[in-house]
Amino acid sequence: MDKALHERFLREAIALSLESVELGRGGPFGAVIVKDGEIIARGFNQVTSCCDPTAHAEITAIREAAAYLNRFDLSGCVIYTSTEPCPMCLAAIYWARLDAIYYANTREDAAAIGFDDARLYREVCLAPNERTMPMRRLLADEAHIALQAWLVKPDKVSY
């Protein structure tokens with residue numbers, strides 16, 4: 001795709017971010033997912049309107065694209081998002097196997113208006129016992145049974 005087409009899709013994500021603000025849906029974030037030059041999903045931040053802390057623009061767009069394509073693997077698709085994805089959204093984009101990310105605002109731009117993900121980026125890199133949120137491991141032997149069951153399951157759908 002040429003630069004003009006990428007910019008067109010990114011402008012759509014930006015328009016969704018502004019619409020989210022104007023309609024009081026949530027934070028100023030929007031995203032679209034494109035496959036074969038066509039928008040197949042749109043998402044906007046719905047954290048406050050849906051009382052769902054995971055309802056970021058990228059996540060809502062991924063959910064819509066997966067439902068539209070009826071598959072969890074979104075390879076062959078590209079996401080355009082108004083702002084650099086937070087760690088949660090970035091992980092979801094990788095899990096969904098999207099081919100590329102195009103974004104406009106940086107994480108520093110978002111931090112300047114109160115959406116600071118710097119702490120999350122730092123925490124993710126730490127060992128569980130070094131994080132600020134207490135993490136305690138319990139019942140490892142009992143939980144490991146499910147992992148073993150998955151390992152030997154002959155009809156599992158790998159992802």
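Visitor: How many bridges join strand β1 to strand β3, and in which sense do the two strands run?

Guide: In this predicted model, strand β1, which covers residues 30-35, is joined to strand β3, residues 77-83, by 5 bridges, and the two strands run antiparallel. To read such a pairing, look for residues that face each other across it: Ile33 stands opposite Ile79 in β3, and Lys35 stands opposite Cys77 in β3.

Visitor: Which residue of β2 stands opposite Ile33?

Guide: On that side Ile33 stands opposite Ala41 in β2, and the pairing of β1 with β2 is again in the antiparallel sense, over 6 bridges. These two strands form a hairpin with 2 residues between them, and in the turn Asp36 has a positive phi of about 50°.

Visitor: How do side chains arrange themselves along a strand?

Guide: In a regular strand the side chains alternate between the two faces of the sheet.

Visitor: How many helices and strands does the protein hold, and what pattern do they follow along the sequence?

Guide: There are 7 helices and 4 strands in the protein, and, read along the sequence, they follow the pattern α-β-β-α-α-β-α-β-α-α-α.

Visitor: Which residues of helix α4 are buried, and what covers them?

Guide: Reading a helix includes asking which of its residues are hidden, and in α4 (residues 87-96) the buried ones are Pro87, Cys89, Ala92, Ile93 and Ala96. What covers the buried residues of α4 includes α3, β3, β4 and α6 (118-124). Just after α4, Arg97 takes a positive phi of about 65°.

Visitor: Is Glu84 buried or exposed?

Guide: The reading rests on a cut-off, since buried means under 20% relative accessible area, and Glu84, with a relative accessible area of 17%, is therefore buried. Glu84 is found in the loop between β3 and α4, and its side chain reaches the backbone nitrogen of Arg107 at 2.9 Å. Leaving aside residues up to four places away in sequence, Glu84 touches Tyr103, Asn105, Thr106, Arg107 and Tyr121.

Visitor: Where does the charged end of Arg107 sit?

Guide: The charged end of Arg107 sits over the ring of Tyr121, 3.8 Å from its centre. Another arginine to look at is Arg25, which lies over the face of Phe44, at 4.2 Å from the ring centre.

Visitor: How many aromatic pairs are there, and why is the pair of Phe72 and Tyr159 edge-to-face?

Guide: The structure holds 5 aromatic pairs. To describe one, consider both the distance between the ring centres and the angle between the planes: for Phe72 and Tyr159 the centres are 5.9 Å apart and the planes are at 70°, so the pair is edge-to-face. This pair links distant parts of the chain, 87 residues apart, with Phe72 in the loop between α3 and β3 and Tyr159 in the segment after α7 (140-152). Phe72 counts as partly exposed at 44% relative accessibility, whereas Tyr159 is exposed, with a relative accessible area of 58%.

Visitor: Why is the pair of Tyr80 and Tyr102 stacked?

Guide: The ring centres of Tyr80 and Tyr102 are 5.0 Å apart and their planes are at 15°, so the pair is stacked. Because Tyr80 lies in strand β3 and Tyr102 in strand β4, the pair ties together parts that are 22 residues apart in sequence. Tyr80 is buried, with a relative accessible area of 0%, while Tyr102 is partly exposed, with a relative accessible area of 31%. Ring pairs also link Phe9 with Tyr80 and Tyr102 into a cluster.

Methods: Residues are numbered from 1 along each chain as its sequence is written. This is a predicted model: local features need pLDDT of at least 70, side-chain atom pairs count only at pLDDT 80 or more; totals for chains, interfaces and linings use all residues. Side-chain values use heavy atoms; hydrogens and water are left out. Two strands pair if DSSP finds at least two bridges between them. Rings of Phe, Tyr and Trp (its six-membered ring) pair if their centres lie within 6.5 Å; planes under 30 degrees apart count as stacked, over 60 as edge-to-face and the rest as tilted. Buried means under 20% relative accessible area, exposed over 50%, partly exposed in between (1.4 Å probe, protein chains only). A charge sits over a ring if NZ of Lys or CZ of Arg is within 6 Å of the ring centre and within 35 degrees of the ring normal. Contact means heavy atoms within 4.5 Å. A polar contact is a pair of N or O atoms within 3.5 Å; within protein, one must be able to donate a hydrogen and the other to accept it, and residues adjacent in sequence count only if both atoms are side-chain atoms.
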